[in-house]
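Hi everyone, thanks for coming. Today I'd like to walk you through one structure, and we'll take it a piece at a time.

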Amino acid sequence: MPSPRSGEARKLERKVSSLRRRRGSSIGGSGDLTGTASAAVEAEGGKLLVDQPAAARYRSFRIRFVSSIVLIASFLAIIWAGHVPLMFMILGIQAMMVKELFKLARHAQAERKLPGFRAQQWYFFFVAAFWMYIRFIKNNLIVEITSSARLARMFGWLLKRHTILSFYLYTAGFVSFVLTLKKGRYTYQFGQYAWTHMILMVVFLPSSFFVSLLFEGLIWFLLPTALVIVNDIMAYLAGFFFGRTPLIKLSPKKTWEGFLGGCVGTVIAAWYGALLMSQFKWFTCPRTDLSIWQPMPCAEVPDTFRPHTFRMKDLLHDTNPALIEMVYSLSGLLPAQLRDAIAGFSFTCLPMQLHAVSLALFASFLAPFGGFFASGFKRGFKIKDFGDSIPGHGGVTDRFDCQVVMAVFSYIYYNNYVSKSAHSVAAVMSAALKLAPPQQLEVLERLANVLVGQQVLPSGLGDAIAQHAQRTLGG
């Protein structure tokens with residue numbers, strides 16, 4: 001007689017049977033998301049790492065480690081290539097995230113009766129990419145096309161009418177959607193239309209802010225993204241070895257020990273990482289054109305990357321007035337000698353290191369909520385991962401959910417605390433392109449007069465420009 005099966009074996013058999021019963025069903029009828037039941041998600045995701053068998057823990061660790069090394073090596077190679085390859089990398093990551101999210105609400109049977117409907121979704125994605133990317137790199141494009149009269153003639157109209165052209169393209173997609181509405185499929189089609197726009201608004205548009213930061217200096221893109229990755233690694237390691245106290249029900253494997261350990265490790269990495277990256281112009285200088293593998297054009301290192309001596313009293317004056325009032329109120333409780341010592345305390349560092357600490361605190365305390373949001377989203381759809389394109393990590397969306405939140409904060413932080421309004425060739429050219437041709441010719445004449453007066457332009461050339469302008473404007 002065979003020996004009775006153990007409790008573990010019976011539990012495993014029940015789990016497999018449950019999965020088989022659920023196989024064939026899907027999220028909203030989707031044929032792409034079968035075989036992932038909420039019971040299995042709870043069974044696999046509900047255990048803390050320290051409570052899992054050692055073999056399973058270290059196998060998961062090895063897979064995540066190897067895939068992380070491959071990702072980091074690929075990322076470093078693209079960084080070496082420069083700003084433009086990084087921009088296309090961001091676009092590729094966004095396309096993969098959007099693809100995974102499109103699949104979540106796909107109803108295969110309905111789509112067989114709606115040919116071309118999936119192409120409409122991708123059309124809206126590329127219209128959004130056209131609008132956002134050209135908007136962010138417009139000044140760089142102006143530098144490139146104005147370097148040649150032929151390029152200026154071919155593409156000048158595109159930059160001048162970019163916004164209205166983007167609207168026309170979107171309107172064409174909107175009209176196409178209305179014309180393809182079919183009786184009996186209205187609810188599904190409008191649901192997919194809303195789903196498409198939600199993805200673009202919540203995922204694509206916020207993550208596109210990294211493109212703007214990219215050309216302000218690689219450090220403003222690399223540091224925020226690296227801090228999210230470092231926080232994830234540090235939190236994973238701290239939770240792997242010390243995690244005991246669950247943090248949030250939406251993500252059962254997250255622990256308070258991992259959360260706080262990740263914060264400490266991220267702040268330390270931010271301080272020294274910013275110091276290291278600030279030594280290289282490749283990271284700190286803004287890119288004003290779209291060249292690849294070319295030296296950075298800035299002659300001087302920006303002040304943000306030069307050492308400064310700070311005093312606590314000076315730092316307070318740059319903060320919120322309400323915070324200053326609160327600090328002064330609390331300081332009144334301290335002995336006068338200690339209060340004066342704190343106010344007079346000074347230290348020397350790069351301003352970038354202080355900015356890096358601010359970014360690290362956000363990456364540690366608030367950016368993870370992007371991941372918690374995604375965890376709740378996956379639980380709502382009863383799936384474990386958004387995809388399986390990255391071994392040991394899940395889908396692309398699983399790895400970059402926190403980066404979406406970080407992109408928005410980094411963009412707002414840079415433009416509020418770091419960016420200084422400065423004139424550049426690209427900015428002047430962007431303004432000049434908005435003028436009518438007669439006004440542009442008048443600007444050229446006046447600029448030629450200035451340059452002749454500064455002995456930068458030969459007087460003969462200046463006179464020729466002035467005479468041509470006067471004939472054209474007078475005629």
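Let me begin with a term: a cavity here is a set of grid points where a 1.4 Å probe fits but cannot get out, and its volume is the space filled by probe spheres set on those points. Please also keep in mind that what you see is a predicted model.

So, how many cavities of 30 Å³ or more does a search of the whole structure find? The search finds 1. The volume of the largest cavity is about 50 Å³. Two elements each give two or more residues to its lining, namely helix H6, residues 117-136, and helix H10, residues 186-207. Which of the elements gives the most to that lining? That is H6, with 4 residues. If you want to find the spot on screen, look for Phe117, Gln120, Gln121, Phe124, Phe177, Gln192, Tyr193 and Thr196, which line the largest cavity. By class, the lining has 4 nonpolar residues, 4 polar ones and no charged ones.

Now let's stay with H6 and bring in a partner. Helix H4 covers residues 83-104, and it packs with H6 at an angle of about 150 degrees, the axes being 12 Å apart. Angles over 145 degrees count as roughly antiparallel, and H4 and H6 are therefore roughly antiparallel to each other. H4 passes H6 in a right-handed crossing.

Who meets whom at this contact? From H4 we have Met87, Ile90, Leu91, Gln94, Ala95, Val98, Lys99 and Phe102, and they meet Arg118, Gln121, Trp122, Phe125, Ala129 and Tyr133 in H6. Those residues divide into 10 nonpolar, 2 polar and 2 charged.

H4 has another partner to show you. With helix H20, residues 396-418, H4 packs at an angle of about 115 degrees, and the axes are 10 Å apart. That makes H4 roughly perpendicular to H20. Is the crossing of H4 and H20 left-handed or right-handed? It is left-handed. On the H4 side, the contact is made by Ile93, Met96, Met97, Glu100 and Leu101, while H20 brings Val396, Thr397, Phe400 and Val404. The classes here are 7 nonpolar, 1 polar and 1 charged.

Leaving out residues up to four places away in sequence, Val357 touches Val267, Ala270 and Trp271. Val357 and Leu227 are 130 residues apart along the chain, and their C-alpha atoms are separated by 9.9 Å.

That's my tour, and I'm happy to go back to any part of it.

Technical notes: Residues numbered from 1 in each chain as written. Predicted model: local features only at pLDDT ≥ 70, side-chain atom pairs only at ≥ 80, totals over all residues. Heavy atoms only, no water. 1 Å grid on protein atoms, 1.4 Å probe; cavity = no way out; pocket = protein on both sides within 12 Å on 5 of 7 lines; lining within 4 Å. Nonpolar A, V, L, I, M, F, W, Y, C, P; charged D, E, K, R; others polar. Axes fitted to C-alpha atoms, helices over the stretch in contact; angles between N-to-C directions. Parallel < 35°, antiparallel > 145°, perpendicular 65-115°, else oblique. Left-handed = near helix turned anticlockwise from the far one by under 90°. Contact = heavy atoms within 4.5 Å.
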